[in-house]
Amino acid sequence: MDMMIDYTNLLEISAKRIRNAKETFIRSINKKINWNSRLIGIKGARGCGKTTLLLQHLKNNHMDLVSSGKALYVSLDNIWFAKNSLQDLVETFTKNGGKILYLDEVHRYEDWPIYIKNIYDDYPELQVVFTGSSLLQILDARADLSRRPVMYNMQGLSFREYLNIKTGNDFQELSLEEILQNHIQKAFDICDKVKPFEYFGEYLKTGYYPFFLEGLDTYYMKLEETINMILDVELPLLRKIDIAYVPKIKKLLSIIAESSPFMLNTSKVSGAMEINRTTLISYLKSLTDAKLIASLYKDSRGVSSLQKPDKVFLENTNLMYLFQGENVDEGNIRETFLVNQLSYNQIVEFSEVSDFFVNNKYTIECGGKSKTGEQIKNLENAFIAADGIEIGIGSKIPLWLFGFLY
């Protein structure tokens, strides 16, 4: 006879966390997820709000099932799993009428792809939603999950989302084409309701990660804890990097932070770090996947695992202020913001004639309000993203408006 395991404690924690979920703001990705799919995966950098998203969705849509014990949220780093297996939980949960299972921090469970695949195949009556680190690799050789889950990527807050939180507005996303072709009208519509520069500076410093909602006095401390957790725990766990080499990766991150964005001289950096070129490239790839840096290539379509990036940025502007304090370079901040907001849904490549080449079509040059179009005057589909202006003119577009892309 099968043993029924006791998971009462998990049910209690789940119900409590779901009831206490704050609903002051719900991320836009919530509307894009097909919550009816049988298997949903949400990847994203630590700290970007994945857990909150799950709890909010259960609270708003499945409170009846939560109350009856048929919907369960569980984090896979819970100590309960030290003595019990995920397989046992699923078996007992479904025998008790379980319908919806939300698994958070799935990467903390060894061999998770095999378990998720088996749950999907063996329990067709169960809906599973899982979240994990941006370092997750779905293509595990032993359990090819690639065809099964509907996968979504989650990023930190866009400037648009930040404005909505701070002002109570409901500004909608704009496509890149809307911004490039109709930026004057779009900027007027937004500026009728808010003054973007009242908020833009604080967004660049402390607006990317949702934990600013818990207070600004601890913001950078939490950001530093997040980075250390990624480097000390997630990289060794998910990239099998020897813990002894983590200090080297931290050193690389601080080198990048000191002069980001910068053109990468592999021999100089690998010499300074006393590692070979191949190791350096693999560390850069891991930092890129971990959403701590952004790497740009001249041609991103044929990038091999051993190709060095042409330009390296910190992933977002908040990281720049964490590492550099008030010594950040204004030009670097602008470029980092633009790459970050563009990269979520666009293909951004390094350009030798301007700052960025986007979607294999658009040239975008970044600068201050006095930036002229001299550099790009002979190029087709060329635009300037200019800081310090509320409304643009011609091909000169306010930089802040690119924060409405997602």
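## Helix 9 against helix 15

Helix 9 (residues 197-206) and helix 15 (residues 330-343) pack with their axes 12 Å apart, at an angle of about 80°. That angle makes helix 9 roughly perpendicular to helix 15. Keep in mind that this is a predicted model.

Who touches whom? On the helix 9 side, Phe200, Tyr203 and Leu204 do the meeting, and from helix 15 come Ile333, Phe337, Asn340 and Gln341. Sorted by type, the residues of this contact are five nonpolar and two polar, with no charged ones.

## Aromatic pairs

Searching the whole structure turns up 23 aromatic pairs. Take Tyr162 and Tyr203: their ring centres are 5.5 Å apart and their planes sit at 55°, so this pair counts as tilted. The two come from distant parts of the chain, 41 residues apart, with Tyr162 in helix 7 (residues 159-167) and Tyr203 in helix 9. Both Tyr162 and Tyr203 are buried.

Tyr219 and Tyr220 make an edge-to-face pair, with 5.6 Å from centre to centre and 80° between the planes. Buried or partly exposed: which is Tyr219? Tyr219 has 0% relative accessibility, so it counts as buried. Tyr220, at 27%, counts as partly exposed.

## A ring cluster and a charge over a ring

Ring pairs also join up into a cluster, and Tyr162 and Tyr203 are among its members. Phe200 and Phe337, from the helix 9 and helix 15 contact, belong to the cluster as well.

One more ring to look at is Tyr120: the charged end of Arg38 sits over it, 4.0 Å from the ring centre.

Key. Residues are numbered from 1 along each chain as its sequence is written. This is a predicted model: local features need pLDDT of at least 70, side-chain atom pairs count only at pLDDT 80 or more; totals for chains, interfaces and linings use all residues. Side-chain values use heavy atoms; hydrogens and water are left out. Axes are lines fitted to C-alpha atoms, for helices over the stretch in contact, and angles run from 0 to 180 degrees between N-to-C directions. Helices (H or I, at least four residues) and strands (E, at least two) are DSSP runs, numbered from the N terminus. Angles under 35 degrees count as roughly parallel, over 145 as roughly antiparallel, 65 to 115 as roughly perpendicular and the rest as oblique. Contact means heavy atoms within 4.5 Å. Ala, Val, Leu, Ile, Met, Phe, Trp, Tyr, Cys and Pro count as nonpolar, Asp, Glu, Lys and Arg as charged, and the others, Gly among them, as polar. Rings of Phe, Tyr and Trp (its six-membered ring) pair if their centres lie within 6.5 Å; planes under 30 degrees apart count as stacked, over 60 as edge-to-face and the rest as tilted. Buried means under 20% relative accessible area, exposed over 50%, partly exposed in between (1.4 Å probe, protein chains only). A charge sits over a ring if NZ of Lys or CZ of Arg is within 6 Å of the ring centre and within 35 degrees of the ring normal.
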